[in-house]
Amino acid sequence: MFLDLVKYSRSYRGYDEGRSISREELLRWVDCARFAPSSINRQPFQYKLVYKPEELAVLQPLTGWARALPQMQLPHPGHCPTAFVVICQNTRWAEDLKRYIRDVGAVAQTMLLAAASEGLGGIMIGNFSPEKVHRALALPDELTPMLIVAFGKPDETIVIKEVDEGADLRYYRDENDVHYVPKRKLEDVVL
């Protein structure tokens, strides 16, 4: 059952904009994230919830999507996420931004799995300017945006494809806009 949840939790780049994400949903997922492991239990993160249309309009253009598909505009117009969580490190709580970078992944994955358990999805976005996001969202000086997680109701088809050793691992889309994600086989990753 857990493996099915992990397989469902893909990096979605297309969403049903008719399904909004509420503050309450985001709070549930952040509540899960705050229980994720943290280096020396420092818990240096705070979370900016972005779900109101006016905030979405400000943040969406500051995010970069699908670097491996530079010829495509993703998300396609009309298929943007309907919420974001900006994971910020509070530098008053922990100054060293590099020390807690692993923790960022743990809290992001926890939120994504929580959303997937409710039939929703998202993607981690690292392609953004922390300074521009900080300014656009009028964040306090002590907060540094570390990662953006987009959320919404997935509106695209993603196919996981196991590949042989040495195969190209870049994701791609076919002529029907189906998104393929090559994955190494279990026997190739276990030593």
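This is a predicted model: local features need pLDDT of at least 70, side-chain atom pairs count only at pLDDT 80 or more; totals for chains, interfaces and linings use all residues.
Residues are numbered from 1 along each chain as its sequence is written, and side-chain values use heavy atoms, with hydrogens and water left out.

**Overall build**

- The protein chain has six helices and seven strands; these are DSSP runs numbered from the N terminus, with helices being H or I of at least four residues and strands E of at least two.
- In sequence order the pattern goes α-α-β-α-β-α-β-α-β-β-β-β-α.
- With a radius of gyration of 17 Å, close to the 16 Å that the globule rule gives for 191 residues, the chain is as compact as a globular protein of that length. For the record, that radius is taken over C-alpha atoms, and the rule is 2.2 Å times the number of residues to the power 0.38.
- The C-alpha trace spans about 45 × 45 × 30 Å along its principal axes.

**Surface and charge**

- Of the 191 residues, 41% count as buried; the cut-offs on relative accessible area are under 20% for buried, over 50% for exposed and in between for partly exposed (1.4 Å probe, protein chains only).

**Strand β4 and its partners**

- β4 (residues 143–152) is mostly covered, with ten of its ten residues buried.
- Strand β2 (residues 83–90) pairs with β4 in the antiparallel sense over eight bridges; two strands pair if DSSP finds at least two bridges between them. In this pairing, cysteine 88 has proline 145 of β4 as its bridge partner.
- Strand β3 (residues 121–125) also pairs with β4 in the antiparallel sense, over five bridges, and isoleucine 125 stands opposite isoleucine 148 in β4.
- Threonine 144 lies in β4. Beyond its neighbours within four places in sequence, threonine 144 contacts Ile87, Cys88, Gln89, Thr91 and Leu97.

**The open sheet**

- Three strands form an open sheet in the order β5-β7-β6, with mixed pairing. β5 (158–163) and β6 (172–173) stand at the edges with a single partner strand each, so one side of each has no neighbour in the sheet.
- β5 and β7 (residues 179–184) run parallel and are joined by six bridges; valine 163 stands opposite arginine 184 in β7.

- Most residues other than glycine have a negative phi, and most peptide bonds are trans.
- The peptide bond from leucine 74 to proline 75 is cis, with omega near -10°; proline 75 lies in the loop between α3 (53–59) and β2.
- Asparagine 41 has a positive phi of about 50° and is exposed, at 52% relative accessible area.
- Glutamine 43 has a positive phi of about 50° as well, lies in the loop between α2 and β1, and is partly exposed at 43%.

Definitions and conventions
Contact means heavy atoms within 4.5 Å.
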